[in-house]
Amino acid sequence: MGKDVIIACDFASAEETFAFLDRFENEKPFVKIGMELFYAEGPEIVREIKRRGHKVFLDLKLHDIPNTVKNSMGVLSKLDIDMTNVHATGTIAMMQAAIEGLTRPDGTRPLLVAVTQLTSTDEATMKKDLLIERSMEVVVTHYAMNAKRAGLDGVVCSPKEASFVHDLCGKAFLTVTPGVRFPEDDAGDQKRVMTPAEAKAIGSDYIVVGRPITQAEDPVAVYRRCVKDFVD
Ligand code: C5P
């Protein structure tokens, strides 16, 4: 897999999701299925999107005791997904258990990345709510090193941190970056944002774009603009 734009399909139902995906005639975008859609529709939504020829990032952000995460990843490993994730705050032991569970009997597994700090959290909130006194850069890169030690393929972080992560963990360690906005977009609840072109310049491997595409009048045009700025 190379650089790609992943669309966050944060819809409430399969019906809405397919109405959205049907607007794409020639492309088969890489799709992110999050908690809202997965909880509403269950594993069948993943199977159907795969049948339609899309790659799937199943964004369920697992965070629990290692044994529970391992067993849950064992269930997810039976779906033909391309990428999934855990929270790095679950610890190295939990991330190792996640890999164990996700690895299929034939040795294959989807890519596994760890969420560092959500892109809706800024340094002030991290200090106030989580009592974390270190800088965002130190926290994110420390979590990235933990994920690397556990054997994961990369992290989810803000594009603002992608270059620090690559400097520390190597270029092959993936950075999947939500919090992407065009200059004219509303940031919504996202606090650490960048444009697709900036994310490319800084070395992100995948950008995750939700509302700027899904809420657009012409989602296909906005998707193509993301691809042009980030991939081409
Ligand atoms: O609509 P928007 O572009 O903000 O969507 C970003 C997507 O990326 C959402 O689905 C959100 O759950 C996800 N995400 C995030 N920050 C992270 C991890 C995932 O925004 N750290």
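Author: The ligand site

Around the ligand there are 18 residues, and D10, K32, T119, G210 and R211 are the closest; a residue counts as near a molecule if one of its heavy atoms lies within 4 Å of it. The model is predicted, so that local features need pLDDT of at least 70 and side-chain atom pairs count only at pLDDT 80 or more, while totals for chains, interfaces and linings use all residues. Residues are numbered from 1 along each chain as its sequence is written, and side-chain values use heavy atoms, with hydrogens and water left out.

An oxygen atom of the ligand has a polar side-chain atom of D10 at 2.7 Å. In T119, a side-chain N or O atom lies 2.8 Å from a nitrogen atom of the ligand. G210 takes part through its backbone, where an N or O atom is 2.8 Å from an oxygen atom of the ligand. Of the 470 Å² of accessible area that the ligand has on its own, the protein covers 88%; such areas come from the Shrake-Rupley method with a 1.4 Å probe.

Two or more residues of the shell come from each of β3 (56-62), β8 (206-209) and α10 (211-214), where helices (H or I, at least four residues) and strands (E, at least two) are DSSP runs numbered from the N terminus. By class, the shell comprises eight nonpolar, four polar and six charged residues; Ala, Val, Leu, Ile, Met, Phe, Trp, Tyr, Cys and Pro count as nonpolar, Asp, Glu, Lys and Arg as charged, and the others, Gly among them, as polar.

The ligand sits in the largest pocket, meaning that more than half of its atoms lie within 2 Å of the pocket's grid points. A pocket is an open set of points, on a 1 Å grid over the protein atoms alone, where a 1.4 Å probe fits and protein lies on both sides within 12 Å along at least five of seven lines; lining residues have an atom within 4 Å of a point. The volume of the largest pocket is about 550 Å³, taken as the space filled by probe spheres set on the points. Its lining consists of 27 residues, with D10, K32, D59, K61 and Q190 nearest the centre. β3 contributes the most to this lining, namely three residues, and β2 (30-34), α2 (35-41) and β8 are among the elements that supply at least two.

Definitions and conventions. Polar contact = N/O pair within 3.5 Å; in protein donor to acceptor, adjacent residues only side chain to side chain.
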